[in-house]
Amino acid sequence: MDNLIFCLNATIPIFLLMILGLFFKNRGMFDEGFIRRMNTFVFKAALPVLLFRELSGADFLEVWDGRFVVFCFLATAISILVSMGIAYCLPDRSIRGEFAQAAYRSSAALLGIGFITNIYGNAGMAPLMIIGTVPLYNVMAVVILAFMKPEQTHMDRALIKGTLREIVTNPIILGIAAGMAWSALSLPQPEIMSKTLQYVANLATPMGLMAMGAAFDGKLALKHWKPALGCSAMKLVLFCAIFLPAAVKLGFRNSYLVAALVMLGSPTTVSCFVMAKNMGHEGTVTSSAVMATTFLSAFTLTGWLYILRSMGLV
């Protein structure tokens, strides 16, 4: 019951923030221009600062476990390949990029540390999981969204150069790179800097969720409900069923397994929607998948955690 209450406390408020965004739009407080500017701010400022703050403050050198980082990286890479393969089978080319990204990309950074801290009293293996997954999440998201744009028909030199430029200049990737470099160099963070970063980082989730909720179109969502449910099934069930047994077989236990669970089975991150909108996609499949996985994860995460505990693994 405690685990169920925690999952509900972690996920339902996120869902309600999206509902608030839709409510504010219907009340005339959010218009299309404001929603577009909110998305731009979250994508170019708030999310990069959030990722920089989390990675730069993680003392991962002290608890470094290369084997676990490699596991997280390989599990993520395989999940991406599976998502892309299934996406290419969809008859509607316009939603392939959104489907592929939403099916693999977790809110590991946003939810992971809080989830693990609630169980173990500290961040545990969350920083290592973030190092093994978040950079790959974002690099491949840029690649997928660039190569699978709705109007894209073939790959040429200009597309490849443009994609590489988008990867190198992507604000989220720059935030991750700066955070990892800051942590590796063990640079101090004055309290003034730390508090300022915290204030900006705290804006990422509520603004991103409300902007996504405000941009949500119920009619379009119903049009794409099947791919959205497909994303949800892959995100919350399929990848956990494949890789959690592998993690157990490799000997990972306790906070390692919980970190792997968060990596594999947490909801699709709101930054999927932000990136999709900023890279020329409609965003409907993404927003539908985020809303569905956010709501359903309250039950699936609890179920997976119950299974792991009942087997004496966490």
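Modeller: Start with the axes. An axis is a line fitted to C-alpha atoms, and angles between N-to-C directions run from 0 to 180 degrees. Bear in mind that this is a predicted model.

Colleague: How are two packed helices described?

Modeller: By the angle between their axes and the distance between the axes. Here, take helix α6 (residues 126-147) and helix α8 (residues 171-184): their axes cross at roughly 155° and come within 9 Å. Angles over 145 degrees count as roughly antiparallel, so α6 is roughly antiparallel to α8. The crossing of α6 and α8 is left-handed.

Colleague: Which residues in α6 and α8 meet?

Modeller: From α6, Ile131, Val134, Pro135, Asn138, Val139 and Val142. From α8, Ile172, Ile173, Ile176 and Met180. By class, this contact has nine nonpolar residues, one polar and no charged. As for the spacing, an α-helix has 3.6 residues a turn, so residues three or four places apart point the same way.

Colleague: Are cysteine 272 and cysteine 89 buried or exposed?

Modeller: Cysteine 272 is buried, with a relative accessible area of 0%. Cysteine 89 is exposed, at 65%.

Colleague: How many residues of helix α13 are buried?

Modeller: In α13 (residues 255-265), 10 of its 11 residues are buried, so the helix is mostly covered. Among them are Ser255, Leu257, Val258 and Gly265.

Note on methods
Residues are numbered from 1 along each chain as its sequence is written. This is a predicted model: local features need pLDDT of at least 70, side-chain atom pairs count only at pLDDT 80 or more; totals for chains, interfaces and linings use all residues. Side-chain values use heavy atoms; hydrogens and water are left out. Helices (H or I, at least four residues) and strands (E, at least two) are DSSP runs, numbered from the N terminus. Angles under 35 degrees count as roughly parallel, over 145 as roughly antiparallel, 65 to 115 as roughly perpendicular and the rest as oblique. A crossing is left-handed if the near helix is turned anticlockwise from the far one by less than a right angle, and right-handed if clockwise. Contact means heavy atoms within 4.5 Å. Ala, Val, Leu, Ile, Met, Phe, Trp, Tyr, Cys and Pro count as nonpolar, Asp, Glu, Lys and Arg as charged, and the others, Gly among them, as polar. Buried means under 20% relative accessible area, exposed over 50%, partly exposed in between (1.4 Å probe, protein chains only).
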